[in-house]
Amino acid sequence: MEKLLMVWVTEKQLKGDTLTQGIIREKARAIYGDLLNQTPRTSTDEALEDSFKASRAWFDNFRKRTGIHSVVRHGEAASSDVKAADDYLKTFSELIEANGYIPQQVFNCDETGLFWKKIPNRTYITAEEKIMPGHKPMKDRLTLALCANASGYCKIKPLLVYHSENPRAFKSHKILKENLQVMWRANPKAWVTRQLFVQWVNLVLALLLRNIYRQTTYPCKPFSFLAMLLLTHRTSKMTFSKSSSL
């Protein structure tokens, strides 16, 4: 019964379905009942069916035997629509073919948060110790917008948004933001807003594409001055269509 249950758990996991203790216990009772119904019934079997309740104690032992464990679902992986993504592959392929785009013309942009001071919240300790002294987690955060084309030839200078326009370290070490390998911008919440994103598109992405078009020796030269920009991370702070031409 438990082998069949594990097959079912694996299938649900691949589909991205949520499994709680109650759902697994209910399925275990159903599988157990189906197995008994497929074999000749005796009074002993009826007693066994009544005795198996898939209790919490059974679940705890089942969890230890199989190694299944509870995790927190979060982020894009938890909210993504796998079926819609698969369906869009065909639509996207047709769009690329209809417009004659090549990999050098297709750019993908996504944003990610970086808690650059945060340390791991779990750690190993010796057997003699029972607890680990607590600490206050560091939550200093910045946001990066990263972009490259499908061929990998063109990696665009990232947009970095921090909560401080001129951090103390810049003043101490006389760092010029213009010389950084990122476009530095700031707002109180360190978010990539529409205004900052448009600045990055005009001052970094569009400028680079114009230079690419003019440079005959650049690997991306063979295409005309037309590019597709895919925004794979849409938020309330940065609202754009899924694709746009530059």
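Helix axes here are lines fitted to C-alpha atoms over the stretch in contact, and angles run from 0 to 180 degrees between N-to-C directions. Keep that in mind for the helix pairs.

This is a predicted model: local features need pLDDT of at least 70, side-chain atom pairs count only at pLDDT 80 or more, and totals for chains, interfaces and linings use all residues. Numbering starts from 1 along each chain as its sequence is written, and side-chain values use heavy atoms, with hydrogens and water left out.

Overview. The chain has eight helices and six strands. Those are DSSP runs, numbered from the N terminus: helices are H or I with at least four residues, strands E with at least two. The order from the N terminus is α-α-α-α-α-α-β-β-β-α-β-α-β-β. Of the 246 residues, 28% are buried. Buried means under 20% relative accessible area, exposed over 50%, partly exposed in between, with a 1.4 Å probe on protein chains only. Contact means heavy atoms within 4.5 Å. Take the contacts with a separation of 6 or more: 62% come from residues 24 or more positions apart.

Now helix H4, residues 56–66. Which of its residues are buried? Trp 58, Phe 59 and Phe 62. They span an arc of only 100° around the axis, so they sit on the same side of H4. That arc is taken from the directions from the helix axis to the C-beta atoms. On the face turned away, Arg 56 and Lys 64 are exposed. Just after H4, Gly 67 has a positive phi of about 85°.

What do the buried residues of H4 pack against? Helix H1 (2–15) and helix H2 (21–37).

First pair, H1 and H4. The angle is about 75°, with the axes 12 Å apart. They are therefore roughly perpendicular. The cut-offs: under 35 degrees is roughly parallel, over 145 roughly antiparallel, 65 to 115 roughly perpendicular, the rest oblique. H1 brings Glu 2, Leu 5 and Met 6; H4 brings Trp 58, Phe 62, Arg 65 and Thr 66.

From H1, Leu 4, Leu 5 and Trp 8 meet Ile 23, Ile 24, Lys 27, Ala 28, Ile 31 and Leu 35 of H2. By class, that is eight nonpolar, no polar and one charged. Ala, Val, Leu, Ile, Met, Phe, Trp, Tyr, Cys and Pro count as nonpolar, Asp, Glu, Lys and Arg as charged, the others, Gly among them, as polar.
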